[in-house]
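Here are my notes on the model you sent over. Have the coordinates open while you read, and go through the points in order.

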Amino acid sequence: MAGRQTNRLRGHGLVDQGTTVSFRFDGQQLTGHPGDTLASALLANGIRLVGRSFKYHRPRGILTAGSEEPNALVELRQGARREPNTRATTIELYDGLEAASQNRWPSLKADLLSLNQLAAPLLGAGFYYKTFMWPAAFWEKLYEPMIRRAAGLGYPSKQADPDSYEKTNAFCDVLVIGAGPAGLSAALAAAKAGARVILCDEDFALGGRLLSERGDVDGESGAPGRRPRRPNSSPPDCRILRRTTVFGAYDGGVYAAVERVSDHLPVPPEHAPRQRLWRIVAKQAIVCAGAFERPIVFGDNDRPGVMLAGAVRTYVNRFGVAPGQNAVIFADNDAALRTATDLADAGLTVQAIVDPRPQGSAAAEQVAAGTGALYLRGVIEKVRGAHGVRVVGVRDNQGGTRTIKCDLLAISGGWNPALNLTTHLGGKPRWDDSRACLVPGDLPAGMRVAGAAVGEVSTEACLASGEAAGAGAARDCGFSPSAPSRPAPDRQIAPATPVWQVETGRGKAFVDSQNDVAVSDVKLAAREGFRVPDHVKRYTTLGMATDQGKTSNLNGAAILAEATGRYLGAVGSTTFRPPYTPVSIGALAGHHRGTDFRPTRLTPSHRWAEEQGAVFVEVGMWMRALMFPRPEESAQETVNREVANTRAHVGVCDVSTLGKIDVQGTDAAAFLDKVYINGFSKLAVGKARYGLMLREDGFAMDDGTTARLAEDHFYMTTTTANAVRVSQHLEFCQEVLWPELDVQTVSATEQWAQYAVAGPNARAVIAALLDSGQDISNDAFPYMACGTFKICGGVPARLFRLSFSGELAYEIGVPARYGDGLIRAIMDAGAAHGIAPYGTEALGVMRIEKGHAAGPELNGQTTAHDLGLGRMMSKKKDFVGRFLGEREALNEPARAALVGLKPLDPKVRVSAGAHLVPKGADAVAANDQGYVTSQAYSPELKSFVALAMLSNGPARHGEVLKVCDPLRGSETLAEVCSPHFVDPDGERLRV
Amino acid sequence: MRITCPYCGERALDEFTYRGDATVKRPDSLDENTAEAWVDYVYLRDNPAGPHKELWHHGAGCHAWLEVTRDTVTHEILDVAFARKGC
């Protein structure tokens, strides 16, 4: 049955009362109007109880009307779109909205876990640390799961988010944050001066407090029902972003904002994101974020129906909703008296105005008389009503007590500027005694603050300070704004007399209702020696979670100051950090999720490999063919076949992903001498050489071959994974270390497609590709030769006689656009010679059989000595890593160095990562002598084989060791041997 | 943070990678009496609060190594120059 909106004030507010939308809360079918928030619609339907608290499961209602809401957190939507901990006060109502209350079982009204309240004495500040200390093993298995079930907020959907998110950048002269009176005025002034302006507001309507207050602005009525005035009929260059929260200020005028593009719709429209993350680069920024009203803390102040006085005005004036029929006002300032007037004018009853100020207030007395309310000098000391305020207890100045029946208690302890963004870069707020609040202190370059965020109180003052800030910001961007139209505001304000809390007897007085932190918890922390608000925050959790203490931090600090006998201005408050309000991970990730997390790189012949049924593996963002399985083959059978075919006939492998760097200049050879441990100056033109690079600390960085194409032209290859790093390293060497050398380097990885053709028949295949009259016989083009040839009717190709597989082999490279054509030509030319493609798995098997180091051996912990390449280190020349690479400790035999391993039982796989201990020794760290880096099944040896790093390894060939893999629970015996399992003398390479 | 590359102009931080102190000088590796200087060069860094000359690489732009003077307290960029002198 649809609710009747019993508390809707007909004819009041800015919502479209002519249109009705339906929504559900905890399964109950209700109605509201466009322009409502979920909170205002719930209140319109007479629903005050909306959730249970975090720790004690106390009934909670709606305290505020904005993003600072600590209590009214709900689960929004269902299924994959379910979103926990959303604030009912900021959710824009739409037709079909579904929301559910959180942290209650079995139902909101009968929550069994509210028994926690009885255990409250045990659950004070730091109870985690004190109660659940012993025995330690119980923490993970018992205490933590128990606490998590009982405490906590909503539950996220466990399904993947079906919506998309995006990121964008924007640049402007002036960014205005907040579209209240100050922000509108600032944006107008800056845009009129010619500045490019971006104006953001987290609300779906512009106007800020103008939407919530009555009163005239520039002679126009501010009465409810009036549409907010947009800045001067859309200035030419003012981009207005509604539903957009600027949540962080960063270095160099960079601001982050999240725009809730589709959160106000049931589902995002086709092709529209749910949210959009903005990175805004602004020459100048003006923070016009307004202010947060602060509560007064007293016993049972968390009952549903206790609401901030300003929020009451928002519900009445903006949303046309009566948060209650019978109100009591409890405020320490005259500004809150407007609440009494607005309630009375809306036809609601104001029972009493309770004034805690010692001196009282003539204005308050006058308003009380005008609204038919009692004027009581005193305090609220208790609130009754299990699921909502029914009766409040007042203690007057003379000590007398009385009770008043009411269903709404509007409270105000003054206002705190929303200065959060001014502190994100380390700025410290300053205490203002006369206003009794923290105001922005030193500001980052290019930032201004205006309006209530800087402590202004009246609408006129906000308009004037916004205009001045907007003009100033435009001036700093080089524009000439016109003279201000508004007089500077009168800054003489009556000093505030803040009342932070009321000492009460029994009822728990909550400072932070989101985290169930009471006055007693802050006092306990003070007794235990905590004096700094940031420490008290971490100990008591005051100011944590989704609201970050927007309505509780300063009251907490004031109670701490009093408990430790210090001046509040000296105690200060906690540090605000981004984000201002919670930001979804989806918005931060944008499109970078799933397979789009990083770019995918495809080689020129990727489509050909797909056609061959290749299975791919991601290496350094490249998709490389792992293997080319045939029907009915197991993975092991495929790899064995690919290896055997290459060793018996001929195979082809796409090696285009290797890093390729073009090195040119008259000092190119001298430069390579500096970056490799071995020499390149004496390398003849038309020859290639293997090289190893170290880091300056002496550990191996990368390896590869470099070919000399001309006296001043080299072509370097790197491993696939390190291509970018090596390129950056060479640029560092060239620009920073040896700028005097005449050398240039440039990455050519993506410009060349390259294929390894390996096996006894490789020469025949390559020869078939060559245009006539070119000789690649062993004499004309021996092992390690390189040169440029014409193939396939005039296509220029680079040919290198290099072998990673250990067979007679060539690498042939062509400009990338010919890659697909070349692989098809190779396959055609090789058909008569038994060619088959092989993938990285077979490549890996063959390099292990040959004992070539690769990624698992170049792991950042191995030296040239460890890799068996110590003798390559030149003694005569300077090179990167030379000095520290020669350190005694990096060259002593006891270091783990490269060996081969053959399991005694050839059918037993030696697992990579396993550790080596002496035969018969226990598998404990003290006996550890090395570790397995790579393993494979060798079809040639018909045995599993492995490479390992073993202490004093090269001297221990023939020794039997125990290979222990406690992680997988295996132990096996293996014999240490040379890492060169196949053709140790390299005879096959040179035929 | 924004860095004004002398070649490419003002760019966002994510185009650059940080290396570290730009003032350390690589010792002569052929001089055997430089052991301490090498340890300093490779491992030891000052951690000043205030202006700091540091090396950044403009990997998503012109690939130049830059010498950026940055205030480590305020993150203000005081100067940007090519690391290769005489450019």
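**Notes on the predicted model**

1. Of the 18 residues of helix 9 of chain A, 13 are buried, so this helix is largely enclosed by the rest of the structure. Buried here means under 20% relative accessible area, exposed means over 50%, and partly exposed is in between (1.4 Å probe, protein chains only). Helices (H or I, at least four residues) and strands (E, at least two) are DSSP runs, numbered from the N terminus. Helix 9 covers residues 459–476 of chain A, and at 1.5 Å a residue it should span 26 Å; its end C-alpha atoms are 26 Å apart, so that agrees. The expected span is 1.5 Å times one less than the number of residues. Just after helix 9, A:G478 has a positive phi of about 100°.

2. Some ground rules. Since this is a predicted model, local features need pLDDT of at least 70 and side-chain atom pairs count only at pLDDT 80 or more, while totals for chains, interfaces and linings use all residues. Residues are numbered from 1 along each chain as its sequence is written, chains are lettered from A and ligands numbered from 1 in the order in which they are written, and side-chain values use heavy atoms, with hydrogens and water left out.

3. Now look at the open sheet of seven strands in chain A, with order 15-21-16-17-18-19-20 and mixed pairing. Two strands pair if DSSP finds at least two bridges between them. Strand 15 (306–308) and strand 20 (401–405) stand at the edges with a single partner strand each, so one side of each has no neighbour in the sheet. From one strand to the next, the twist averages 40°. Inside the sheet, strand 16 (residues 326–331) and strand 21 (residues 408–412) of chain A are parallel, with five bridges; A:I329 sits opposite A:A410 of strand 21.

4. Helix 7 (residues 362–371) of chain A lies across strand 17 (349–355) and strand 18 (374–384), at about 165° to strand 17. For the angles, axes are lines fitted to C-alpha atoms, for helices over the stretch in contact (heavy atoms within 4.5 Å), and values run from 0 to 180 degrees between N-to-C directions.

5. How buried is strand 39 (residues 809–815) of chain A? Seven of its seven residues are buried. Strand 36 (residues 752–758) of chain A runs antiparallel to strand 39, joined by seven bridges, and A:V757 has A:Y810 as its bridge partner there. Strand 38 (residues 795–800) of chain A also pairs with strand 39 in the antiparallel sense, over three bridges, with A:L799 opposite A:I812.

6. A:D828, in helix 20 (residues 819–830) of chain A, is exposed, at 61% relative accessible area. Its C-alpha atom is 9.0 Å from that of A:V765, 63 residues apart along the chain.

7. On the interface, 27 residues of chain B are in contact with 27 residues of chain A. About 2300 Å² is buried between the two chains, 54% of it from carbon and sulfur atoms. Buried area is the accessible area (1.4 Å probe) that two parts lose on being put together, summed over both. B:R26, B:W65 and B:R84 lose the most area in chain B, together 29% of what that side buries.
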